[in-house]
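Hello,

Here is the structure we spoke about handing over. My notes on it follow below.

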Amino acid sequence: MEKWQLTDGVVEFPSGRRIRARSWKAPVLQLATLSVVLTTVSETEFAGAQTFPGAKEIIMIDWPDQRLPRRSMQAVKTLQEVWQRADQELVEITCRGGVGRTGSALALIAMYEGMSSSEAIDFIRESYNNDSVTSPAQRGFLTDFSPSQVK
């Protein structure tokens with residue numbers, strides 16, 4: 001089982017799972033096994049850009065900046081799978097800025113760890129980026145979500 005080193009951008013959850021979060025523009029030293037990309041840009045538009053060097057798998061979630069995922073339940077299920085895989089794989093979550101959407105996805109994952117939405121937002125702001133979960137829509141999405149909805 002590989003684990004991320006605890007460096008900037010790596011969030012360690014109470015379960016011990018670690019997920020790297022970043023802007024997709026940021027250079028990386030350690031390669032991810034799985035890159036989860038929160039964007040409205042198609043995968044083909046990233047071709048050859050070296051945005052996700054060495055990632056064995058890339059999952060795209062259609063998630064506009066400052067907004068909610070366009071297919072909320074699909075995104076929620078994908079992030080639940082990502083949370084489970086982070087126990088054994090090097091998982092990263094990225095968006096253009098690496099703050100709002102990425103922070104919201106991390107907060108959702110923290111809720112799988114048993115945190116309430118407000119605890120999850122606080123946890124991500126403290127352990128990743130104080131500006132995470134930037135829009136009222138993102139906060140509302142997390143407040144309205146319950147991990148029990150996905151089974």
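Because six of the six residues of strand β3 (residues 34-39) are buried, the strand is largely enclosed by the rest of the structure.

Please keep in mind that this is a predicted model.

β3 is paired with two strands. It runs parallel to strand β4 (residues 57-62), with six bridges joining them, and Leu-38 stands opposite Ile-61 of β4. It also runs parallel to β5, here with four bridges. In that pairing, Ser-35 stands opposite Glu-92.

**Glu-92**

Glu-92 belongs to strand β5 (residues 91-95). Is Glu-92 buried or exposed? Its relative accessibility is 1%, so Glu-92 counts as buried, the cut-off being under 20%. The side chain of Glu-92 makes a polar contact of 2.6 Å with the side chain of Arg-20.

**Aromatic pairs**

There are three aromatic pairs in the structure; two of them are described here. A pair of aromatic rings is described by the distance of the centres and the angle of the planes.

One of the pairs is Phe-13 with Phe-123, which is tilted, at 5.7 Å centre to centre and with 45° between the planes. This pair links distant parts of the chain: Phe-13 is in the loop between β1 (10-12) and β2 (18-23), Phe-123 is in helix α4 (residues 117-127), and the two are 110 residues apart. Both Phe-13 and Phe-123 are buried.

Another is Trp-83 with Tyr-112, a stacked pair with 5.7 Å centre to centre and 25° between the planes. Here too, distant parts of the chain are linked: Trp-83 lies in helix α2 (residues 72-85) and Tyr-112 in helix α3 (residues 100-112), 29 residues apart. Trp-83 has 14% relative accessibility and therefore counts as buried. Tyr-112 is buried as well, with a relative accessible area of 11%.

What lies over the face of Trp-83? It is Arg-17, at 4.1 Å from the ring centre.

**Confidence**

The protein chain has an average pLDDT of 87, and 88% of the residues score at least 70. Confidence is lowest in helix α1 (residues 43-46), where the mean is 59, and highest in β1, at 97.

Regards

Conventions. Residues numbered from 1 in each chain as written. Predicted model: local features only at pLDDT ≥ 70, side-chain atom pairs only at ≥ 80, totals over all residues. Heavy atoms only, no water. Phe/Tyr/Trp six-rings, centres within 6.5 Å; stacked < 30°, edge-to-face > 60°. Buried < 20%, exposed > 50% of the residue type's maximum accessible area, 1.4 Å probe, protein only. Lys NZ or Arg CZ within 6 Å of the ring centre and 35° of its normal. pLDDT = per-residue confidence, 0-100. Polar contact = N/O pair within 3.5 Å; in protein donor to acceptor, adjacent residues only side chain to side chain. Pairing = 2+ DSSP bridges.
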